[in-house]
Amino acid sequence: MNPAPNLILIGPMGAGKTCIGRRLAERFTLDFVDADQAIVDSTGASIPAIFEHSGEAGFRQHERQVLHALLDGHGQLVSTGGGAVLDPDNRAAIARRGFVVYLRVSVPAQLERLARDRGRPLLQRPDREQVLHEMAAARDPLYQGLADLTLDTDLYTPAEATAQLVLRLAAQWQRQETSE
């Protein structure tokens, strides 16, 4: 058993962090928090607008502030943005404040799942497949280094992935109660 106050989902875009996260949060009676949505709520701007006005560096600064505030809580399932692991301070906070589940997905599955998605600033280019391969090469080792548990989501529907995770989490994660 690995006790932790929060359950944290990491992985690339299209892995199912939000969809599976909502289901897992309900199953474990955790508060579901999507870090990207929390950034939108805190800034009052959409993620594409933040990228347009502040660039990726500005977005990452907002992401760091919001993620650290979220991770101070407990009893939550936090779905992180795919690039949250790029910041060493974020990685340390994630490892310290949660049981970390890496939802892995292949680039072909990402391309299929994100085919109609036009709201992801890093994919607003004609070479989407190349961009996804580059991000996977840079980020996969970071995801693997943080993960307490890994699930490849390529072959699962969200319901099937959730069922797999419920079984595995029951055996490996114990929610740490806090006295706050």
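Contact here means heavy atoms within 4.5 Å.

## Model and conventions

This is a predicted model, in which local features need pLDDT of at least 70 and side-chain atom pairs count only at pLDDT 80 or more, while totals for chains, interfaces and linings use all residues. Residues are numbered from 1 along each chain as its sequence is written, and side-chain values use heavy atoms, with hydrogens and water left out.

Helices (H or I, at least four residues) and strands (E, at least two) are DSSP runs, numbered from the N terminus.

## Packing of α2 on α3

Helix α2 covers residues 35-43 and helix α3 residues 47-71. They pack at an angle of about 110°, and their axes are 9 Å apart. That makes α2 roughly perpendicular to α3. Angles of 65 to 115 degrees count as roughly perpendicular, under 35 as roughly parallel, over 145 as roughly antiparallel and the rest as oblique. Axes are lines fitted to C-alpha atoms, for helices over the stretch in contact, and angles run from 0 to 180 degrees between N-to-C directions.

From α2, the contact involves Ala35, Asp36, Ala38, Ile39, Val40, Ser42 and Thr43. From α3, Ile47, Ile50, Phe59, His62, Glu63, Val66, Leu67 and Leu70 meet them. By class, this contact has ten nonpolar, three polar and two charged residues. Ala, Val, Leu, Ile, Met, Phe, Trp, Tyr, Cys and Pro count as nonpolar, Asp, Glu, Lys and Arg as charged, and the others, Gly among them, as polar.

The whole structure holds four aromatic pairs. Rings of Phe, Tyr and Trp (its six-membered ring) pair if their centres lie within 6.5 Å; planes under 30 degrees apart count as stacked, over 60 as edge-to-face and the rest as tilted. Phe28 and Trp173 have ring centres 5.8 Å apart and planes at 75°, so the pair is edge-to-face. Phe28 lies in the loop between α1 (17-27) and β3 (31-34), and Trp173 in strand β7 (residues 173-175), so the pair ties together parts that are 145 residues apart in sequence. Ring pairs link Phe28, Phe99 and Trp173 into a cluster.

Arg27 lies over the face of Phe28, 5.5 Å from the ring centre. The criterion is NZ of Lys or CZ of Arg within 6 Å of the ring centre and within 35 degrees of the ring normal. Thr29 belongs to the loop between α1 and β3. Most residues other than glycine have a negative phi. Thr29 has a positive phi of about 50° although it is not a glycine. Thr29 is exposed, at 61% relative accessible area.

Leu103 sits in strand β5 (residues 99-104). It is buried, at 0% relative accessibility. Beyond its neighbours within four places in sequence, Leu103 contacts residues including Leu9, Ile10, Lys17, Leu151 and Leu165.

Ile94, in helix α4 (residues 88-97), is buried with a relative accessible area of 0%. Ile94 and Ile8 are 86 residues apart along the chain, yet their C-alpha atoms are separated by 7.3 Å. Leu111, in helix α5 (residues 107-113), is partly exposed at 28% relative accessibility. Leu111 touches Arg128, Glu129 and Leu132, not counting residues up to four places away in sequence.

Definitions and conventions: Buried means under 20% relative accessible area, exposed over 50%, partly exposed in between (1.4 Å probe, protein chains only).
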